[in-house]
Amino acid sequence: MKKIIVENLKYRYPLSENLALKGISFEVEGGEFIGIIGRNLAGKSTLCQALVGLVPHFYKGAYSGNVEISGMNVLENNISELSKKIGIVFQNPFTQITAAKLTVYEEIAFGLENMGIEIKETIRRIEYVLHLLDLEKYKDRNPFELSGGQMQRLAIASIIAMKPEIIVLDEPTSQLDPQGSEEVFKAIQSLSREGITIMMVEQKIEKIAQYADRVMLMSDGEVVDFDVPQKIFLRDDLLNYGVQAPVFTRVCRSLNIKNKNTGLYPVTLDEAYELMVRHEQNRS
Amino acid sequence: MNRIEVKNLRFSYRRGEEILKGMDLTFDSESTAIIGQNGAGKTTFVKLLKGLLKPTEGDIFIKGKNTTEVTVAKLAKEIGMVFQNPNDQIFKSKVIDEVMFGPLNIGQGMEEAKGNSLKALELMELSDKVDENPYDLSLSERKLITIASILAMDTDIVIFDEPTISQDYFGKIRIKNIVKELAARGKLVITIAHDMDFVAEISERVIVLNKGEVILDGSAEEVFLRDDILKSAYLEQPNITQLCKRLGYDRTFLALKEFLDYRLAEN
């Protein structure tokens with residue numbers, strides 16, 4: 001079933017002369033993990049806000065087109081209604097933390113209380129996400145005493161706890177250490193395997209190549225391409241869009257090592273390693 | 001004389017919870033990256049260098065001056081720092097005023113401060129944003145504004161705390177070139193980063209912090225060879241290093257070009 005349908009979406013911020021989104025159309029199936037890439041100011045964050053309804057309900061401006069989230073029209077439903085279906089993790093955790101609660105534990109509970117989840121289930125979900133995001137030892141801390149990375153994990157935990165059908169993440173790992181970042185990708189991937197639809201903006205190209213089912217390449221308010229990572233990272237004009245192909249793709253491309261079955265270059269470490277080993281064996 | 005000397009540095013935000021557990025380091029002019037797990041103490045360490053925090057125990061000397069004996073304002077002439085979160089740094093309502101604030105504060109005249117600020121904004125490709133409100137701009141642009149503010153101060157020591165957050169390929173190239181240019185001009189550049197590919201490209205020296213202690217300190221080649229220690233500190237090797245290690249190369253490759261040149265010579 002289609003979880004996200006976007007048809008000819010156009011949007012201009014108030015006071016701005018230019019369209020931030022210039023007639024975007026795409027569809028996403030339930031459980032898909034979509035990576036959104038492109039240079040700064042391509043419209044990636046605006047698209048995220050349009051999916052969760054902040055555009056046009058919070059950011060007014062000029063809006064046309066149709067966005068449907070799990071069967072709900074974004075224009076016809078308010079943010080509160082939409083938040084039962086779709087959650088967002090912002091780029092900057094300071095934007096997300098409520099400041100209404102004094103501990104990490106209560107911060108995660110905040111969204112659940114607002115949704116009217118009963119107490120036993122609230123406790124169960126909080127404990128699950130504290131463990132998932134390795135936040136157990138900080139549960140009694142004030143959120144604003146956490147480091148940037150810890151705060152980002154808290155923001156992610158608070159959204160996961162609400163179990164939305166779709167989670168939008170705007171560069172959620174930018175402040176995390178490499179292994180912490182890997183753990184978040186794995187956690188998000190397991191949510192997608194459970195059927196939750198993921199829309200993730202990322203600059204970490206190697207991770208997107210590894211985890212995303214499909215990649216959306218955006219530029220100047222438009223979707224330039226939307227395909228599997230192997231096809232997106234094959235494009236000769238990627239750098240024009242502020243994106244460099246994964247190093248594994250670049251190394252194999254330089255050495256002309258392709259997957260013989262697909263005719264495509266590898267995009268992940270495992271694929272590149274296997275193809276390079278096979279290539280060496282064939283040579284000798 | 002070393003530009004920075006750190007002697008038995010200990011620091012706690014709250015009693016009984018030591019963040020830095022006795023660090024001894026010196027810095028001269030090598031472009032240095034500090035890497036480590038979230039919460040390892042990296043940002044705390046550079047805030048101590050900048051004088052924003054004072055050691056619980058031990059001493060830090062910036063060009064021979066003990067940070068506990070000079071004001072933050074005086075230290076600001078020697079050491080500039082780009083914060084992790086640009087919102088912690090920006091408070092003016094016009095980009096040009098924001099960038100000029102630092103230079104004026106350390107005693108540059110109006111003309112000099114304006115000239116340096118415009119030059120720094122040009123380097124960041126933000127010349128067309130001079131009169132805008134920083135908070136009308138994107139996070140990535142705000143980060144570049146904070147970098148411009150520090151460049152305009154022209155301090156001898158420059159600290160970047162996570163400069164590549166939210167930057168696309170072009171932003172990263174711009175920041176990489178700035179770090180290299182500052183280092184080539186003899187400045188001491190200290191960079192905190194989680195992007196190991198970026199660290200490998202910009203650093204002569206890499207320091208690994210883990211739970212408030214230095215567990216590795218050496219050239220980028222030496223440090224990125226130690227996959228075992230990196231993993232214990234929640235880190236990883238750069239992507240090309242990981243691939244070459246799996247392929248069985250005993251050399252530490254830090255850049256794609258280095259590996260391709262080696263393969264070419266090998267054949």
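A charge sits over a ring if NZ of Lys or CZ of Arg is within 6 Å of the ring centre and within 35 degrees of the ring normal. The views below show a predicted model.

**View 1. B:R205 over the ring of B:F27.** The distance from B:R205 to the ring centre of B:F27 is 4.9 Å, and the arginine lies over the face of the ring.

**View 2. A:R214 over the ring of A:F226.** Here the charged end of A:R214 is 4.0 Å from the centre of the A:F226 ring.

**View 3. The stacked pair A:F185 and A:Y211.** Over all chains there are 14 aromatic pairs. In the pair shown, the ring centres of A:F185 and A:Y211 are 5.3 Å apart and the planes meet at 25°; planes under 30 degrees apart count as stacked, so this pair is stacked. The pair links distant parts of chain A: A:F185 belongs to helix α8 (residues 178-193) and A:Y211 to helix α9 (residues 205-211), 26 residues apart. A:F185 and A:Y211 are both buried.

**View 4. The edge-to-face pair B:F91 and B:F101.** The rings of B:F91 and B:F101 lie 4.8 Å centre to centre, with 85° between the planes. B:F91 is in the loop between β6 (79-82) and α3 (95-105) of chain B, and B:F101 is in helix α3, so the pair ties together parts 10 residues apart in sequence. B:F91 is exposed, with a relative accessible area of 51%, while B:F101 is partly exposed at 33% relative accessibility.

**View 5. An aromatic cluster in chain A.** The residues A:Y11, A:Y13, A:F58 and A:Y59 are linked into a cluster by ring pairs.

Note on methods:
Residues numbered from 1 in each chain as written. Chains lettered and ligands numbered in written order. Predicted model: local features only at pLDDT ≥ 70, side-chain atom pairs only at ≥ 80, totals over all residues. Heavy atoms only, no water. Phe/Tyr/Trp six-rings, centres within 6.5 Å; stacked < 30°, edge-to-face > 60°. Helix = DSSP H or I, 4+ residues; strand = E, 2+ residues; numbered from the N terminus. Buried < 20%, exposed > 50% of the residue type's maximum accessible area, 1.4 Å probe, protein only.
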